[in-house]
Amino acid sequence: MASAEGGAYSYSLTVFSPSGKLVQIEHALAAVSQGTTSLGIKASNGIVIATEKKSSSILIDDSMIEKVAVVCPNIGIVYSGMGPDFRVLIARARKSAQAYWKVYGEYPPTKVLTQEIATVMQEATQSGGVRPFGVSLLVAGWDVHRGPSLYQVDPSGSFWAWKASAIGKNMVNAKTFLEKRYNDDISLEDAIHTALLTLKEGFEGQMTEKTIEIGVVTIPTVEELQAEKHGGGTARPRPTFRKLTEEEVKDYLAL
């Protein structure tokens, strides 16, 4: 008879093991834990998401590697795990954001888009002939309903809102470090420095602007929101999420 923790059940996604587990999801989480470390920190005036960006060979053009991705002007995502799976999810997320824009004339709130992504990931856990997505995501964004929000989505399709979180290879140590450093009044600038210090804890090799990728969410001022409102329904909103340039990352590393 197959063991409760694996055996025949480890090959079936849609059959629960006697202990009540879908073992393939645990295997997907193992794939995530082999990925590079990524983290997110919610500050009092924004959010920072950061990750290690490493290539398997010096011959690879690392300028083409993207781990922090822009979904729409107000939302960005970073991942740990399998890159090809992330590529599929980010494409679905961008289509969903554009569809929301066409219907409502604004980009989706962060929670709404996170739910859309989580639904896609959850559907892959109960369908025959497929496997779970081998990625975990940190979704950061701003909207007028909830302000800045940071969510983590796992291969099971579960998602939670976090003040600070980490995923990937050095997840446990990174979360322990963040628990010691985090406070509710942390500023965006301090959050960026904390993110770099957290990544440095388990970083192998030298941290440079080429091996780190950072995205930030900023909060628009009242004047900027009023200007958008008077600009008409067809006016594109000012981006609240952006990726830091290599020059900006270099400046933060130098501090």
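Me: Before we look at this predicted model, what makes two strands a pair?

Reply: Two strands pair if DSSP finds at least two bridges between them. Strand 4 (residues 75-81) and strand 5 (residues 135-143) are joined by seven bridges, so they meet that definition. The two run antiparallel.

Me: Which residue of strand 5 is the bridge partner of Tyr-79?

Reply: That partner is Leu-137.

Me: What makes up the open sheet, and in what order?

Reply: Five strands form the open sheet, in the order 3-4-5-6-7, with antiparallel pairing. Strand 3 (68-72) and strand 7 (159-161) each have a single partner strand, so they stand at the edges, with one side left without a neighbour in the sheet. On average, neighbouring strands of this sheet are turned by 25° against each other, direction ignored.

Me: Which strands does helix 2 lie across?

Reply: Helix 2 (residues 83-104) lies across strand 3, strand 4 and strand 5. Helix 2 runs at about 20° to strand 3.

Me: How many aromatic pairs does the structure hold?

Reply: The structure holds four aromatic pairs. One of them is formed by Tyr-79 and Phe-86.

Me: Why is the pair of Tyr-79 and Phe-86 called stacked?

Reply: Ring centres must lie within 6.5 Å for a pair, and planes under 30 degrees apart count as stacked. For Tyr-79 and Phe-86 the values are 4.2 Å centre to centre and 20° between the planes, so the pair is stacked by that definition.

Me: How do you know whether Tyr-79 and Phe-86 are buried or exposed?

Reply: Buried means under 20% relative accessible area. Tyr-79 has 9%, so Tyr-79 is buried. Phe-86 has 5%, so Phe-86 is buried too.

Me: Why is the pair of Tyr-100 and Tyr-104 called tilted?

Reply: Planes under 30 degrees apart count as stacked, over 60 as edge-to-face, and the rest as tilted. The planes of Tyr-100 and Tyr-104 stand at 40°, with the ring centres 4.5 Å apart, so the pair is tilted. Tyr-100 and Tyr-104 are four residues apart in helix 2, so about one helical turn separates them.

Me: Is Tyr-100 buried or exposed, and what about Tyr-104?

Reply: At 18% relative accessible area, Tyr-100 is buried. Tyr-104 has 55%, and exposed means over 50%, so Tyr-104 is exposed.

Me: What makes Lys-67 a charge over the ring of Tyr-79?

Reply: The NZ of Lys must be within 6 Å of the ring centre and within 35 degrees of the ring normal. The charged end of Lys-67 sits over the ring of Tyr-79, 4.8 Å from its centre. Lys-54 lies over the face of Phe-203, at 4.5 Å from the ring centre.

How values were computed. Residues numbered from 1 in each chain as written. Predicted model: local features only at pLDDT ≥ 70, side-chain atom pairs only at ≥ 80, totals over all residues. Heavy atoms only, no water. Axes fitted to C-alpha atoms, helices over the stretch in contact; angles between N-to-C directions. Contact = heavy atoms within 4.5 Å. Phe/Tyr/Trp six-rings, centres within 6.5 Å; stacked < 30°, edge-to-face > 60°. Buried < 20%, exposed > 50% of the residue type's maximum accessible area, 1.4 Å probe, protein only.
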